[in-house]
Amino acid sequence: MYKLLIVDDEPLVQVGIKSMLNWAELNIEVIGTATNGQIALKMIQENAPDIVITDIKMPVMSGLELIRNCREQFGSDYPHFIILTSYEDFHMVKEAITYQVTDYLVKLELTPQSLTEAIHRVLEQIDRSKK
């Protein structure tokens with residue numbers, strides 16, 4: 001079973017992501033939520049999630065800072081990131097690409113189908129990196 005961590009400073013977004021899909025059907029366990037990148041980094045170090053869905057703009061430590069810290073500590077294959085944000089900022093997208101995120105989703109456009117497609121892409125990446 002794959003492990004998923006959800007990182008967003010908005011509790012309603014956390015609940016929405018958890019309830020949007022049947023995670024068990026996708027062979028994914030939601031191991032927890034974090035309200036900022038600093039808490040998430042500690043959870044990643046302790047729980048080793050395969051996938052992290054993170055917001056970009058959060059207090060204490062942003063999603064991009066979280067990803068950068070993970071890349072420095074764990075390399076480019078772990079964990080796999082999906083960014084979920086309210087911002088369609090080209091500079092943020094460009095920076096996210098340099099950190100090899102799997103997908104960049106905009107909250108207002110998020111549907112169960114778009115989230116499922118992003119999850120399938122990330123699972124394919126994980127399976128390829130394990131080989």
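Analyst: The side chains of arginine 121 and aspartate 103 meet in a salt bridge, with N and O 2.2 Å apart; the term stands for a side-chain nitrogen of Lys or Arg within 4 Å of a carboxyl oxygen of Asp or Glu. This pair links distant parts of the chain, since arginine 121 lies in helix α5 and aspartate 103 in strand β5, 18 residues apart; helices (H or I, at least four residues) and strands (E, at least two) are DSSP runs, numbered from the N terminus. Arginine 121 is partly exposed, with a relative accessible area of 37%, whereas aspartate 103 counts as buried at 14%; buried means under 20% relative accessible area, exposed over 50%, and partly exposed in between, with a 1.4 Å probe and protein chains only.

The model is predicted, so local features need pLDDT of at least 70 and side-chain atom pairs count only at pLDDT 80 or more, while totals for chains, interfaces and linings use all residues. Residues are numbered from 1 along each chain as its sequence is written, and side-chain values use heavy atoms, with hydrogens and water left out.

A search of the whole structure finds five salt bridges. Aspartate 55 forms one of them with lysine 107, the closest N and O atoms being 3.3 Å apart. This pair also links distant parts of the chain, aspartate 55 lying in the loop between β3 (51-54) and α3 (63-74) and lysine 107 in the loop between β5 (103-106) and α5 (112-130), 52 residues apart. Both aspartate 55 and lysine 107 are buried, and salt bridges that share partners join Asp8, Glu10, Asp55 and Lys107 into one network.

Glutamate 46 and lysine 42 meet in a salt bridge of 3.0 Å, N to O, and both lie in helix α2 (residues 37-47), four residues apart, about one turn of the helix. Glutamate 46 counts as exposed, at 54% relative accessibility.

The strands named above belong to an open sheet of five, in the order β2-β1-β3-β4-β5, with parallel pairing; two strands pair if DSSP finds at least two bridges between them. Because β2 (28-34) and β5 stand at the edges, each with a single partner strand, one side of each is left without a neighbour in the sheet. Strand β4 (residues 80-85) pairs with β5 in the parallel sense over four bridges, and isoleucine 83 stands opposite tyrosine 104 in β5.

Helix α5, which holds arginine 121, packs on the sheet and touches β1, β2, β3, β4 and β5, its direction making about 160° with that of β4. Contact here means heavy atoms within 4.5 Å, and axes are lines fitted to C-alpha atoms, for helices over the stretch in contact, with angles running from 0 to 180 degrees between N-to-C directions. Serine 114 also has its place in α5 and counts as buried at 18% relative accessibility; leaving aside residues up to four places away in sequence, serine 114 touches Leu105 and Glu109.

Helix α3, at the far end of the loop that holds aspartate 55, has among its buried residues Leu64, Ile67 and Arg71, and is followed by glycine 75, whose phi is positive, near 90°.
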